[in-house]
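Welcome! Let us walk through this structure together, one region at a time.

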Amino acid sequence: MYIGNQTYIPVNNDVVKITMDSMFPWEGNIKVKVQGVKEKVRLHFRIPSYARKFPVILRWQGAGTDSEARAMRVWEICRDSELSIQFDMPVEFLHADPRVSADVGKVAIKRGPIVYCLEEVDNGAELQCIYLSGKAAQKKNPLIFQNALSWNCKAGD
């Protein structure tokens, strides 16, 4: 996962510092800063399966942005740089396999790497009466915990 961190990696006789800044998994914006580059360094990034779009911006001192890196998964860095990746994190409904009779009609909600579901323990025995459409508005709800998303909807939305 793209969790904020800092590391030092030996490259031949030098040390490259890599700093990652993100609010992942709540937000899809990842920033990677690479410092101490004296020769070409290859960075490999795993592109999550849910990210159908992932615009990439590569910045280095004295240059603009490298828009050709948009569909690549490996970047070659030749100087101190900053790389930004924006993974889209669409809300998706995951339907149970209809061949499993006990799960017919059951659905979970997925956003990025997080899967949400309702259970009887938390919501009572009449779960089959709960309905949520794709029109439900999502918003940040710091009352739950920092950067958590909540869905607000009316009955029958």
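Predicted model: local features only at pLDDT ≥ 70, side-chain atom pairs only at ≥ 80, totals over all residues.

If you look across from Arg-111, you will find Ile-114 of strand 10 standing opposite. These two strands belong to an open sheet of 3 strands, ordered 8-9-10 and paired in antiparallel fashion. Strand 8 (91-95) and strand 10 (114-116) are the edge strands, each pairing on one side only. On average, neighbouring strands of this sheet are turned by 30 degrees against each other, direction ignored. As background, strands of a sheet pair through backbone hydrogen bonds, and they can do so in parallel or antiparallel fashion.

Next, let us turn to the aromatic rings. Searching the whole structure gives 3 aromatic pairs. In one of them, the ring centres of Tyr-2 and Phe-24 are 5.9 Å apart and the planes meet at 85 degrees; planes over 60 degrees apart count as edge-to-face, so this pair is edge-to-face. Tyr-2 sits in the segment before strand 1 (5-11), while Phe-24 is in the loop between strand 2 (14-22) and strand 3 (29-35), so the pair ties together parts that are 22 residues apart in sequence. Tyr-2 is buried, with a relative accessible area of 8%, and Phe-24 is buried too, at 9%.

Tyr-2 also forms an aromatic pair with Phe-45, and this one is stacked: 6.3 Å from centre to centre, with 15 degrees between the planes. Here again distant parts of the chain are linked, since Phe-45 lies in the loop between strand 4 (41-44) and strand 5 (56-60), 43 residues away from Tyr-2. Both Tyr-2 and Phe-45 are buried. Together, Tyr-2, Phe-24, Phe-45 and Phe-87 make up one aromatic cluster.

At 13% relative accessibility, Ser-22 counts as buried, because buried means under 20%. A polar atom of the Ser-22 side chain lies 2.5 Å from the backbone oxygen of Tyr-2, and a polar atom of that side chain is 3.4 Å from the backbone nitrogen of Phe-24. Leaving aside residues up to four places away in sequence, Ser-22 touches Tyr-2, Ile-3, Gly-4, Asn-29 and Ile-30.

In soluble globular proteins, nonpolar side chains tend to be buried together.

Finally, here are two backbone details to find. Most residues other than glycine have a negative phi, and most peptide bonds are trans. Phe-24 and Pro-25, however, are joined by a cis peptide bond, with omega about 10 degrees; Pro-25 lies in the loop between strand 2 and strand 3. Asn-12 has a positive phi, near 55 degrees, although this residue is not glycine. You will find Asn-12 in the loop between strand 1 and strand 2, where Asn-12 counts as exposed at 59% relative accessibility.

Key
Residues numbered from 1 in each chain as written. Heavy atoms only, no water. Phe/Tyr/Trp six-rings, centres within 6.5 Å; stacked < 30°, edge-to-face > 60°. Helix = DSSP H or I, 4+ residues; strand = E, 2+ residues; numbered from the N terminus. Buried < 20%, exposed > 50% of the residue type's maximum accessible area, 1.4 Å probe, protein only. Pairing = 2+ DSSP bridges. Axes fitted to C-alpha atoms, helices over the stretch in contact; angles between N-to-C directions. Polar contact = N/O pair within 3.5 Å; in protein donor to acceptor, adjacent residues only side chain to side chain. Contact = heavy atoms within 4.5 Å.
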